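Hi,

Here is the structure I promised to pass on. Have a look at it first, and then read on for what turned up.

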Amino acid sequence: MANREERLAAIRRAFPEGSGVVELAGGDMQTLRVDRQALPALARHLKDDPALDFKLLLDVCGVDYPGREERFEVVYHLTSLEHGHRVRLKVPVRENDPVVPSVYGVWRAADWFEREAFDMFGIRFEGHPNLKRILCHPAFQGHPLRKDYDPGQRWLLREGEQEEPAWAKEAQEDEDHFETQVLNLGPSHPATHGTLRTVVRLNGEVITKAETEIGYLHRCFEKMAETHTWNQVIPYTDRLNYCSAMMNGVGYALAVEKMLGVEAPPRAQVIRLILSELSRVMDHIVDVGANLNDVGAMTPFLYMYQGREELYSVLEACCGSRLTMSYVRIGGLSSDTPPDFEDSVRYLLKRIPKLIGDMETLITENRIFRGRTEGVGAISAEDAVDWGWTGPCLRATGVAYDVRKAHPYLGYETYDFKVPVAHAGDTYARYLVRVEEMKQSLRIVEQALERLQPGPIITDNHNVALPPKEDVYTEMESLIWHFKLIMEGMKVPVGESYGYTEAANGELGYYIVSDGGGHPYRIKVRPPCFAIFQAFPHILEGHMVADTVAIMSSLNIIAGELDR
Amino acid sequence: MGNPEVRPSLPVVGGTGTAGAVAKQPDGSRVFLTTKLEKLLDAARKNSLWPLPFGTACCAIEFMSFMMSHYDISRFGAEVVRFSPRQSDLLIVAGTVTDKMAPVMVRIYEQMAEPKYVISMGVCACTGGFYRAYHVVQGIDEFIPVDVYVPGCPPTPEALLQGVVKLQEMISNGETRYQRALAAKRASQAQAGG
């Protein structure tokens, strides 16, 4: 991992001082301020220079600063899988000319992220092949994440105004002069598991063109976050990837704690880790089960769901909620675990492997399942990285990138576990990776239980966390802390931070900007399945229509996280 | 009906007392209890609801629990889930409905054959929940009529089971929106005719 100076020197070889690239001091990662004229060449250089090797574009987002002369800022986050280093680019643009060159030609991952920035802020990306709204509906007026947009202002969509790809309206003949057929899958369709829509053109049964439409569950997470206090955002994070709610909260809390400079007590960290790994198992149960269900195998889903119910009961005992837990607080956890927590987790450690074993006996060597999934929906490692994939789907192509190993948090570096990798990159490989990940997660939980010591579960820094209730009743100072926190909320220092964790679907990033007030100034979520799903229509081409179902559920697209 | 001591030995439909049933005299001969056809149909309808899960968000995951073996909705005769609106009579809207999704929901509701019932599962579907935001429908009753609201974020499977049982009670008492609209229509026709 080259250090900051060496990376800057590598950039300065092509972009000397005065060429529109300025390094900003400080920050949680190396940050460059880039003039928009210099952006395309810089992007190419960052990707192709072997010393820099920024092959993975994680995120593109806009930020609105109404007071500034250059009102909008487009922020790019990049990482190198080879060297492990990261960089942030900032491109400021004026309100009356909000145009930035598109980097789609360098990283295809920019495709949907740029469309989202256009939708939310009205920033236009020159050279983007399909720049139109992505999350909001076509009858929407204005750009909702601009600071002057009223959070409650709705626009109604009528049935006739729904989005239709332009190519879907044209009749087309194949080489034998038979008309091809356009088929609409979703958004309410048994195999889309939620609200995803794909329009495909069929030649016989083979898909020749596909386009995906998302945004049917756009619940305005980022705008809502700006109108709530820092701790109030946690329930909203639960509803991003609701199959594994705990991990979203942990990622958010870690990102904010990094800005505050506080750390959760050891017991809270271990509990966070245990519940995160159990959530990973829960998430993979739903994904693998739904995938099997979609290719016609209902039984394993019923087996596995029993395990999920038992996992739920442990979570419910901890915080009172089965699914959307809101258990994390900034600086720790909301309450301590029940006295039988360790016993019930130990029971699960015996119970879940048995259920996984049952399912594997039925499925892993099953000829029908292998026939439906092997070679279906395959993607190469280069393409997957180019599209911005992370998580199990990327590891199924042979790239062993896991945030828990590459940039450990919560003490993952001290646990003994392996990162499962497959090489085919197809639907079957994704199944194998997920099954093995469940087993590895249980290994981590087993080790973590040994380290669970009694102790406080939330930090005693009362700028962040409320003092204990009995102290509030008896001590003047605690009462004042309590009053200030309730009335004014926690204050996070001015600045920005990109916190990232390994969620069930891949790297879950929170880019957080604080202006020092009681509310977040801007929170941008980098949802892993957003990057994964943008490659979906391209994977589909050449496949049979029945394969769409097998491929889609193997990618584990969770609409809450996709559309936010 | 003759003998007042006759008690139905084989109740075909549940115990409202007004439903029809085959009864046996003490000597073994059969008699029939009479009822209105409407009541008999309602009893059949309430015990075999065919839900269409319009699952959009987190609630759909709890809906899965509600279907699976642990909570098992089939105990209440409503386990046959159909994704085609033409084959189902109970629309369960599980999750947040956005303005982008609303026309789809309305279309699915309109495609369902009558009689049809709607359960709104979760606070998002009921009122928009804590998403008081620019892209979220503030309660699906802006667009379609709702019979039972099940609060919770998400509701537990028990709560949804109770919602289904509540709907069954409403059907047998003629309280659903469909039944009330039908009754009102008949009353106005009778008035016009009489």
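A term to start with: angles under 35 degrees count as roughly parallel, over 145 as roughly antiparallel, 65 to 115 as roughly perpendicular and the rest as oblique. Axes here are lines fitted to C-alpha atoms, for helices over the stretch in contact, and the angles run from 0 to 180 degrees between N-to-C directions. Helices (H or I, at least four residues) and strands (E, at least two) are DSSP runs, numbered from the N terminus.

Some housekeeping before the findings. This is a predicted model, in which local features need pLDDT of at least 70 and side-chain atom pairs count only at pLDDT 80 or more, while totals for chains, interfaces and linings use all residues. Residues are numbered from 1 along each chain as its sequence is written, chains are lettered from A and ligands numbered from 1 in the order in which they are written, and side-chain values use heavy atoms, with hydrogens and water left out.

Now to the helices, beginning with a pair that spans both chains. The axes of α9(A) and α2(B) come within 10 Å and cross at roughly 110 degrees, and therefore α9(A) and α2(B) are roughly perpendicular to each other. Their crossing is left-handed (the near helix is turned anticlockwise from the far one by less than a right angle; clockwise would be right-handed). On the α9(A) side, A:Phe301, A:Tyr305, A:Arg308, A:Glu309 and A:Tyr312 meet B:Ile61, B:Glu62, B:Met64 and B:Ser65 of α2(B), where contact means heavy atoms within 4.5 Å. Sorted by class, this contact has five nonpolar, one polar and three charged residues (Ala, Val, Leu, Ile, Met, Phe, Trp, Tyr, Cys and Pro count as nonpolar, Asp, Glu, Lys and Arg as charged, and the others, Gly among them, as polar).

Within chain A, α9(A) also packs with α10(A): their axes come within 9 Å and cross at roughly 165 degrees. That makes α9(A) roughly antiparallel to α10(A). The crossing of these two is left-handed, and their contact divides into 16 nonpolar, three polar and three charged residues.

Helix α10 of chain A (residues 341–363) has α8(A) as another partner, at an angle of about 25 degrees and with the axes 12 Å apart. α8(A) is therefore roughly parallel to α10(A), and the crossing is again left-handed. What does α8(A) bring to α10(A)? A:Ile274, A:Leu275, A:Leu278, A:Val281, A:Val288 and A:Leu292 meet A:Phe341, A:Val345, A:Leu348, A:Ile352, A:Met359 and A:Ile363.

On a 1 Å grid over the protein atoms alone, a cavity is a set of points where a 1.4 Å probe fits but cannot get out, and a pocket is an open set with protein on both sides within 12 Å along at least five of seven lines; lining residues have an atom within 4 Å of a point. Grid points are joined across faces, edges and corners, and a volume is the space filled by probe spheres set on the points.

The largest pocket has a volume of about 860 Å³. Of its 43 lining residues, A:Pro190, A:His193, A:Asn293, B:Met64 and B:Phe83 lie nearest the centre. Elements giving two or more residues to this lining are α8 (266–294), α9 (299–319) and α20 (545–555) of chain A, along with β3 (51–55) and α2 (58–67) of chain B. The lining divides into 28 nonpolar, 11 polar and four charged residues.

There are also seven cavities of 30 Å³ or more. The largest cavity, at about 80 Å³, is lined by 14 residues, with A:Arg219, B:Cys58, B:Cys59, B:Cys124 and B:Cys153 nearest its centre.

Last, some backbone details. B:Cys153 turns up again here: the peptide bond from B:Cys153 to B:Pro154 is cis, with omega near -15 degrees, and B:Pro154 is in the loop between β6 (148–150) and α5 (157–172) of chain B. Another cis bond runs from B:Glu114 to B:Pro115, with omega near -5 degrees. A:Cys220 has a positive phi of about 65 degrees although it is not a glycine. For context, most residues other than glycine have a negative phi, and most peptide bonds are trans.

Cheers
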